[in-house]
Amino acid sequence: MNIYITQLIFGLVDFLRLSCIWLLNIFGWKKCQGGFLLLSGISCLLAFFFPEGTPLEVTVLAVIAKLGIFCSFSTAYVYSAELFPTVIRQSGLGLVSMSARIGGMIIPLFVLLQHDYPALPMALFGSAVIVAAGLSVLLPETVNKELPDQTSQVGKSRRKVNSKNDLENGHNQTTAENRNFIESTRV
């Protein structure tokens, strides 16, 4: 394949990533995150089974894998911000961001394995992403739900927010809870 056309196709994937936003509104964060990761992992593992002389098929699977990872990465920041309670949200997002950067630093080491074991990097990428998709099933759905303010609220079930009035009542309740917490900790 022509390297310029391949780069153009990979560049178009960046624009297709923007289409994942309407999927998030339809299916929610949890299903989209798991689905994008699963799509990417399966594409990586399928590329593992194609022979070396089929660049078109491998390129198509690589484009699908890149689209799945890009959409998953876009979803991860929004979703992780909603998973953490307000009191530790910034620290939690910093931890998520640091973990992503560590993963980015490890990637070149995987590519070095390709010289000795050509199929190993794709197998490792695919299996790691499928494991992450499986673990994302354990996370709670947060779309249209009240976000926890304190760490004590994390395990409790969250009720669905239906209107602006619900949001105002939730804010007033949280303000009262915070005021009671502050008064109980005063000496």
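User: Among contacts in the chain between residues at least 6 apart in sequence, what percentage join residues at least 24 apart?

Analyst: This is a predicted model, in which local features need pLDDT of at least 70 and side-chain atom pairs count only at pLDDT 80 or more, while totals for chains, interfaces and linings use all residues. Residues are numbered from 1 along each chain as its sequence is written, and side-chain values use heavy atoms, with hydrogens and water left out. A contact means heavy atoms within 4.5 Å. Of the contacts between residues at least 6 apart in sequence, the share that joins residues at least 24 apart is 69%.

User: How many helices and how many strands does the chain have?

Analyst: Helices (H or I, at least four residues) and strands (E, at least two) are DSSP runs, numbered from the N terminus. Read from that end, the elements run α-α-α-α-α-α-α. The count is 7 helices and 0 strands.

User: What percentage of the 187 residues count as buried?

Analyst: Buried means under 20% relative accessible area, exposed over 50%, and partly exposed in between, with a 1.4 Å probe and protein chains only. Accessible areas come from the Shrake-Rupley method with a 1.4 Å probe, and for residues only the protein chains shown count as cover. The chain exposes about 12,300 Å², of which carbon and sulfur atoms supply 68%. The buried part of the 187 residues is 26%.

User: Which residues does Cys20 touch, not counting residues up to four places away in sequence?

Analyst: Cys20 is one of the residues of the largest nonpolar core. With residues up to four places away left out, Cys20 touches Phe36 and Cys71.

User: Why is the pair of Phe73 and Tyr77 edge-to-face?

Analyst: Rings of Phe, Tyr and Trp (its six-membered ring) pair if their centres lie within 6.5 Å; planes under 30 degrees apart count as stacked, over 60 as edge-to-face and the rest as tilted. This rule gives 2 aromatic pairs. The ring centres of Phe73 and Tyr77 are 5.2 Å apart and their planes stand at 85°, so the pair is edge-to-face.

User: By about how much of the helix are Phe73 and Tyr77 separated?

Analyst: Phe73 is partly exposed at 38% relative accessibility, and Tyr77 is partly exposed at 26%. They are 4 residues apart in helix H4, so the separation is about one helical turn.

User: Which element gives the most to the lining of the largest pocket?

Analyst: On a 1 Å grid over the protein atoms alone, a pocket is an open set of points where a 1.4 Å probe fits, with protein on both sides within 12 Å along at least five of seven lines, and lining residues have an atom within 4 Å of a point. The largest pocket holds about 1,900 Å³ of space, and of its 47 lining residues the closest to the centre are Ser40, Ile69, Ile107, Phe125 and Val129. Two or more lining residues come from each of H3, H4, helix H5 (89-116) and helix H6 (120-136). The element that gives the most, with 14 residues, is H4.

User: Is Phe125 buried, partly exposed or exposed?

Analyst: Phe125 is found in helix H6 and touches Cys44, Ile107 and Phe110, leaving out residues up to four places away in sequence. Its relative accessibility is 23%, so Phe125 counts as partly exposed.

User: How far apart are the C-alpha atoms of Val143 and Trp29?

Analyst: Val143 is in the loop between H6 and helix H7 (164-185). Leaving aside neighbours within four places in sequence, Val143 is in contact with Gly28, Trp29 and Glu82. Val143 and Trp29 are 114 residues apart along the chain, and their C-alpha atoms are separated by 6.5 Å.

Terms used: Core = buried A, V, L, I, M, F, W, Y, C linked by side-chain atoms within 4.5 Å. Points joined across faces, edges and corners; volume = space filled by probe spheres on them.
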